[in-house]
Amino acid sequence: MTTHDDTARAILRGNDRGGYTVPTAGLYPYQWNWDSAFAAWGFSTFDLPRAWDELDTLFSAQWDDGMVPHIIFHRDDPGYFPGPDVWGTGHVPATSGISQPPVAAILARLIWDRDRDLGEARIRALFPALRAWHRWWAEYRCGSGAAAITHPWESGRDNCPDWDIGMADVDGSNVGDYTRRDTGHVDPSMRPGKADYDRYLAMVQFGRGCGWDQARIVRDGPFLMADPGITFILLRAHDDLAAIGRALGEDVTEIEGWAADLRAGLETIWNPALGAYDARNLRDGEFAGVLGSGAFLAYLAGAERPELEQHLLRSWDAVKFGIPSADPESAIFESRRYWRGPSWPVVNALIALGLHSGGRPELEARLRRETRELITRGGFYEYFDPLDATPCGGADFTWTAAIWLTWASPSAGETLAQGAA
Ligand code: GLC
């Protein structure tokens, strides 16, 4: 009998394109940054060398300034838009010009913990690249105190309501004609709308127009918002990278400094009127005023607060399956439109990692139970309707399979505890 574990492993193998894994065939035919780190974590449950290979391939596309791009276009695929020619970064291999949530150090530490001896040479080789990427975040993106994004796609939560106020300032009226490919793969009512897409492209065109000059994009680009999600991920990743470095006998003073600065900057994204961490438009200081799942990643960084926990429980109790990506009690909530309401196993797992570290085992157990139910009922889909568990988006999704193997499956055991120190 084929078990869910067998299916999950077959999905990872099936999406393996040789050293890297695509998120799902068709809709996402290249290597995506944070998907790939989750794929590595998934592979680590049954093929550790392959897990390390995945991270190596990701970092092989790192830019000279330290950035690790959000997409690596290893082989051209006409089924995806915007492809390498639209980004025009001039990199080899071709890549996009923005980054994505820096989960790699967090997951590399968990992967290393599975077999310290086998992983030591691999993590040692990776360490300088991870540190260079973290330095890029610290130097270019953390000037306001929290971590900033220059494109909503960088957040990994593409069209979540957090970005609406920043998006409203972007002029998408001059981007010219183009043909989207995503809506040919999945139901358009579950995807971002055309007005959003026009603006996404305007931001890409700005980056390309200035030769992807990072300082210029941060200073003059059409969009700059502080992202609670990346801020908490980066803070946890700094701490994990420092732990890795200490275990390797490296000097981690610089990394500890970035972590201390970022922790001190958390106050800048606390919105007292909302009683939660909130995205903030760095062009005018305005808060988004919406509760998003990025705020609940605070547990990952030990930055949770009682008021935030009340919001977590309230919005979670208003749905049935996992943490909704937008507030289910607000008017903007759409239970199936991508990041504007649905429950994402990958975010559930990150929040669970935080709940685990934050000493909330009963909440972690609930989240695990609900995520398990979503997958056993609906299959390994990209994301789910949190009200009725309808599977949505792409099928046979890499990170959903990875989350199954590492955390949601009954066979996963206690996988979230980290030992390296
Ligand atoms: C979408 C998601 C993003 C993910 C990518 C590939 O753009 O919003 O988080 O990395 O798809 O799965």
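User: What volume does the second largest cavity have?

Analyst: Start with the general idea. Rolling a probe the size of a water molecule over the atoms shows where empty space is left. In this predicted model, the second largest cavity comes to about 60 Å³.

User: Which helix gives the largest share of the lining of the second largest cavity?

Analyst: Helix α9, residues 194-209, with 3 residues. The lining includes Trp87, Ile98, His151, Met203 and Trp212. By class, 7 lining residues are nonpolar and 3 are polar, with no charged residues.

User: How many cavities of 30 Å³ or more does a search of the whole structure find?

Analyst: The search finds 3. The largest cavity holds about 220 Å³ of space. It is lined by 20 residues, and Tyr28, Trp32, Gln100, Asp158 and Tyr338 are the closest to its centre. That lining splits into 13 nonpolar, 3 polar and 4 charged residues.

User: What takes the space of the largest cavity?

Analyst: The ligand does. Among the residues around the ligand are Pro23, Trp34, Gly156, Trp339, Phe397 and Trp399. The shell counts 8 nonpolar, 2 polar and 2 charged residues.

User: How much of the ligand's accessible area does the protein cover?

Analyst: The protein covers 96% of the 310 Å² that the ligand has on its own.

Technical notes:
Residues are numbered from 1 along each chain as its sequence is written. This is a predicted model: local features need pLDDT of at least 70, side-chain atom pairs count only at pLDDT 80 or more; totals for chains, interfaces and linings use all residues. Side-chain values use heavy atoms; hydrogens and water are left out. A residue is near a molecule or strand if one of its heavy atoms lies within 4 Å of it. Accessible areas come from the Shrake-Rupley method with a 1.4 Å probe; for residues, only the protein chains shown count as cover. On a 1 Å grid over the protein atoms alone, a cavity is a set of points where a 1.4 Å probe fits but cannot get out, and a pocket is an open set with protein on both sides within 12 Å along at least five of seven lines; lining residues have an atom within 4 Å of a point. A molecule sits in a cavity or pocket if more than half of its atoms lie within 2 Å of its grid points. Ala, Val, Leu, Ile, Met, Phe, Trp, Tyr, Cys and Pro count as nonpolar, Asp, Glu, Lys and Arg as charged, and the others, Gly among them, as polar. Grid points are joined across faces, edges and corners, and a volume is the space filled by probe spheres set on the points. Helices (H or I, at least four residues) and strands (E, at least two) are DSSP runs, numbered from the N terminus.
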